[in-house]
Structure formats: C-alpha cells, structure tokens
Amino acid sequence: MNAIHPTALVAPEATLGRNVTVGAYTVIGPDVTIGDGTEIGSHTLIEGETHIGRNNRIFSHAVIGSIPQDLKYRGEKVRLEIGDDNIIREFTLINPGTEGGGGVTRIGNGNLLMGYVHVAHDVIIGNRCILANAATLAGHVELGDHVVIGGMTPIHQFVHIGDYAMIAGASALSQDIPPFCLAEGNRAHLRGLNLTGLRRQLDRETIDALKQAYRRLFESGEPLRESAEALLTDQENPAVEKLCQFILESQRGIPFKRKNNVQ
C-alpha cells in the first residue's frame, strides 16, 4: 500500500506504483509516473512528463521536472526520465529536455545527487555516478558511468565526461574529460588517471595499459589525435580503445598541459 501524507497534493491522473511514500506538502503533477518502492520527502515538487523508476529516495524540497531554464522553450512537450535506485538529496533541481536537444533529460540507475545539485535540460547521466553538493550541470552535458563530480563544480554546456572520470571539487570545467581520468582546476585540466576509482573496479592489467596509454597521449608531446589513432591500431585493450575513441570524438577538446607547445 502507498503511504501518502494527507497534506500532499497528488494529481488523480498521476501514476504511482506499489509501496510509494509521499511526504507532507509534496505536489505531484498529472503527467508523473513513479515506480514501486520510491520514497519522496516533504515539500517536494514533481511535475511535467516525468518518469521515475523503482526504489528511488527523493529528499525534501527537491524540484523535479519543472520547465527548462532555456529562453527558447515555448511549452513544447518534453520529458524527464529517472531510472532505479537513485538518491536525490535536498534542494536538487532537475529539468526536462528541450526540443533542440532531443526533448529528454535522462538519469540512469544507482546515482547519488547530493544537496543543491542542478541537472539542466537535455543532460544525460549514466549509472553509479556521484555528484557532490552544488555541482552544476549546464544543458546538454553528458556523463558516462561511475563519474564523480566534486562539490561546487560548474560544468559548461555540451561537455562530455567519460566513464570512471573524476572532477575535483571547486573546479570549473569547460572541455571534455576522457574516461578514467582525473581533472582539477579553474579552468580544469587533466591531472592524471583516476587511480583510486580504477583500483576499485578494474584489474591490474587494464590499469597498467591505461597508464601507458595516458603517458603516450598526454605526456609524450606528440599530437593528441595522432597518438590516439596510433594506439587504436597498436593494441586491443577495451579500456584503452574507449579512451582513444573518446578523444577522437571530442567536440570541445581535451584540457591538458601540452609539452613543447605541441597542439
């Protein structure tokens, strides 16, 4: 049975699964779908065409599905999709997509969004990511899986961040960060591999291959794209291939300190 506080306002048209908890003074709009076992704290607003999966925990004063903060938005039908087992802490703001960005903001499974996080329109977040307090994702940002964003870090629109990357707190990021890498600073640039995170998830052979690839890509002084293309033909490690492919597909460039002024 659902446990809905008597002061909550849940539209009759909203779809709630089994064992959903809704706290005091929370408002849920008519186009909202909420999966089984999800808990919603007090004073929360969930509106728009918002689809929330199972076993999520949404804390008080979160605002989920309100219209995009984009002056081009003219009321077109857009949506927000949130997967399963996410934790969304207090005062988090998550907007749906826009027509120009594909119409959807999508958050995967098992993510932790700490207090005051902002997820803007058309953002894509993978699985098992951690966004610390007041991390701010502008429109069209894409995060892979197992990404960690430190607190008080703004991320420029259209930036892509690869799997297992980590951005240090109080950084300001305006370019793409490849998978497995660590970035820090204002403006942020690469500081090495995210070895702490990699050791928790990957085997030693893969980590050693990534270390060798990182040195060739970012510390050799060779042109970055040429190094990435050469690595793709030299070896067959899937993690290194993912790293090189990300570099070749980057639209905003990779922020690292080049040696000998090689571009």
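To follow the helix packing, take axes as lines fitted to C-alpha atoms, for helices over the stretch in contact, with angles running from 0 to 180 degrees between N-to-C directions. Helices (H or I, at least four residues) and strands (E, at least two) are DSSP runs, numbered from the N terminus. Please keep in mind that this is a predicted model, where local features need pLDDT of at least 70, side-chain atom pairs count only at pLDDT 80 or more, and totals for chains, interfaces and linings use all residues. Residues are numbered from 1 along each chain as its sequence is written, and side-chain values use heavy atoms, leaving out hydrogens and water.

**Helix α2 with α4**

- Helix α2 (residues 204-219) packs with α4 at an angle of about 30 degrees, and their axes are 9 Å apart.
- α2 and α4 are therefore roughly parallel to each other (angles under 35 degrees count as such).
- The contact (heavy atoms within 4.5 Å) involves T206, A209, L210, A213, L217 and F218 from α2, together with A239, V240, L243, C244 and I247 from α4.
- By class, 10 residues of this α2 and α4 contact are nonpolar, 1 is polar and none is charged.
- Here Ala, Val, Leu, Ile, Met, Phe, Trp, Tyr, Cys and Pro count as nonpolar, Asp, Glu, Lys and Arg as charged, and the others, Gly among them, as polar.

**Helix α3 with α4**

- Helix α3 (residues 224-234) and α4 pack at an angle of about 145 degrees, with 9 Å between their axes.
- On the α3 side, L224, R225, A228, E229, L231 and L232 meet E241, C244, Q245, I247 and L248 of α4.
- This contact of α3 with α4 has 7 nonpolar, 1 polar and 3 charged residues.

**The pockets**

- A pocket is, on a 1 Å grid over the protein atoms alone, an open set of points where a 1.4 Å probe fits, with protein on both sides within 12 Å along at least five of seven lines; its lining residues have an atom within 4 Å of a point.
- The largest pocket holds about 250 Å³ of space, a volume being the space filled by probe spheres set on the points.
- Helix α1 (residues 195-201) gives the most to the lining of the largest pocket, with 4 residues.
- The lining of the largest pocket includes R128, H146, Y164 and N194, and its residues divide into 4 nonpolar, 5 polar and 2 charged.
- The second largest pocket has a volume of about 150 Å³, and among its lining residues are E142, H160, K242 and F246.
- β21 (142-143), β24 (160-161) and α4 (238-249) each supply at least two residues of the lining of the second largest pocket.

How values were computed
Angles under 35 degrees count as roughly parallel, over 145 as roughly antiparallel, 65 to 115 as roughly perpendicular and the rest as oblique.
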